[in-house]
Amino acid sequence: MKKVILLLLLTSWIGFSQDYKLAEDFYFAYENLMEETLSHRLIKHSDIIPLIEQIKINKDFTVTKVGESVEKRDIFLIKWGEGKTKIFLWSQMHGDEPTATMALFDIFKLLSSKKDFKDVIQKLREELTIYFIPMLNPDGAERFQRRNVYDIDINRDALRLATPEAKILMDTFDSLKADFGFNLHDQSSYLTTGQTYKSAAISFLAPAFNFERTYNEVRENAAKVISIMTSILKKYMPGHIGKYSDEFEPRAFGDVFQSKGTSTILIESGGWKNDPERQYVRKMNFLAIVSAFYSIADNTYKEAATDVYKNYLKMNAICTIF
Amino acid sequence: MYDILIRNITISENGHEYISDLPFMINEQPAEGEKRFRFNTFLAEKGDQSTFYGYEEFDFSGLTASAGLIYPAVIKTKDDLRKLDVYELISSGYTTVKINWKPGDDEEVYLLNLADEGKEISMSDLFKPGRKPNFIFKKGDEVVYAFINNYLLDVKNKSTIIATGKK
């Protein structure tokens, strides 16, 4: 029995150590992998369209127009991979929260690569099918504002679906029935991790699906993947990883998707000293998401301790009257 | 968390003297039709901020902060403006110059406050939260630092310590 436990510990440790090594390889290769045409937070729909046109030509990807914003900007769903585990990611449902959109285009570049990380990409391709909606709120991005053109917060519109953008997200979600969901946002640079001097550069949330904030297997799995991402990122931004409030918000997409059975994770990009355009935080998004993909593909996330998310991470704290 | 936090300053205004920290935040707005931001630094709070932190922190113990002065002469041309010795003026306590044209984009990067000649300028309540910085910091009688709009200046060494958004 003891031997079995030791073996289990050993195999999970080996699994993790591979992930650390892989993350480090990505960390050092990042500048060669990244999408260079995106370099600041004022990116607009017109900046990503030429990149999506390039992706359309690549037969590893399937690009589908899933609808239009209020002002008739096209919203695309991008599909990659042939595996049975489905992951769905969407970014920038708040127009002034663009950091993860840039990271998604870094990921498209990685997945398109014919020379770098061949084995990793092959593994992801075999195990996963990944769906992306980059920039769900292009009209908001145009104005660098949170809300859509109706001045409705799309992330409080998951029940009523009064905005076309919310409807697109819900219809896409329902059509996919993904195993994992990634809801990608930015947060204030004035947040710290607990009452410390460290900015909350990345904060995670496994949204609650009820007012009691209980855990079921779906939410546990989200917490496990967050634990993996935290253990990877803490090497590169120790003390700067926070936890977003898990107060139940029935009108928010993350909470609804969690209740519908998709293990849903929020990643919030925040402040980092001397990084006003959040380019280092973008790199951390890339690292976190790719690490999450890998741990889901090789199932190492299953052995992760949810304790890292539930107890180790400090809550976001804000200091002021604002 | 604040963008800039000056600690332990003595504030001198309206005949009162008291100790306060001065925390600042920087508001950003996308510039119309351009892919860049415009920044506005403003005083976010007053009083003891010892439980909070800043991305940039300065301990100004022993220094006294007071409102900057308005330079008495009106500047008539951009050439005259360029000829002014900015740090010399600040050493004498001046942080604002009046000009007889409407300040435009090119003045955004100028270190001093530029004020329209015809407009009334309120120099009271400069230490109220919400106001943009327009202060000088003295050690004894000597002006050592100044905080004017988006620029925190080392007056003795004639250099910028913080220059938010400077091109």
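Is E57(B) buried, partly exposed or exposed? At 36% relative accessibility, E57(B) counts as partly exposed, where buried means under 20% relative accessible area, exposed over 50% and partly exposed in between (1.4 Å probe, protein chains only). This is a predicted model, in which local features need pLDDT of at least 70, side-chain atom pairs count only at pLDDT 80 or more, and totals for chains, interfaces and linings use all residues. Residues are numbered from 1 along each chain as its sequence is written, chains are lettered from A and ligands numbered from 1 in the order in which they are written, and side-chain values use heavy atoms, with hydrogens and water left out.

E57(B) forms a salt bridge with R7(B) at 3.1 Å, N to O; the term denotes a side-chain nitrogen of Lys or Arg within 4 Å of a carboxyl oxygen of Asp or Glu. This pair links distant parts of the chain, 50 residues apart, with R7(B) in strand β1 (residues 2-13) and E57(B) in strand β4 of chain B. R7(B) is buried, at 15% relative accessible area. Strands (E, at least two residues) and helices (H or I, at least four) are DSSP runs, numbered from the N terminus.

Another salt bridge joins K273(A) to E56(B), with the closest N and O atoms 3.8 Å apart. The pair crosses between chains, from the loop between β9 (263-269) and α9 of chain A to strand β4 (residues 54-59) of chain B.

Helix α9 of chain A spans residues 279-297. Because 19 of its 19 residues are buried, α9(A) is largely enclosed by the rest of the structure. Just after α9(A), N299(A) takes a positive phi of about 65°.

Terms used: The expected span of a helix is 1.5 Å times one less than its number of residues.
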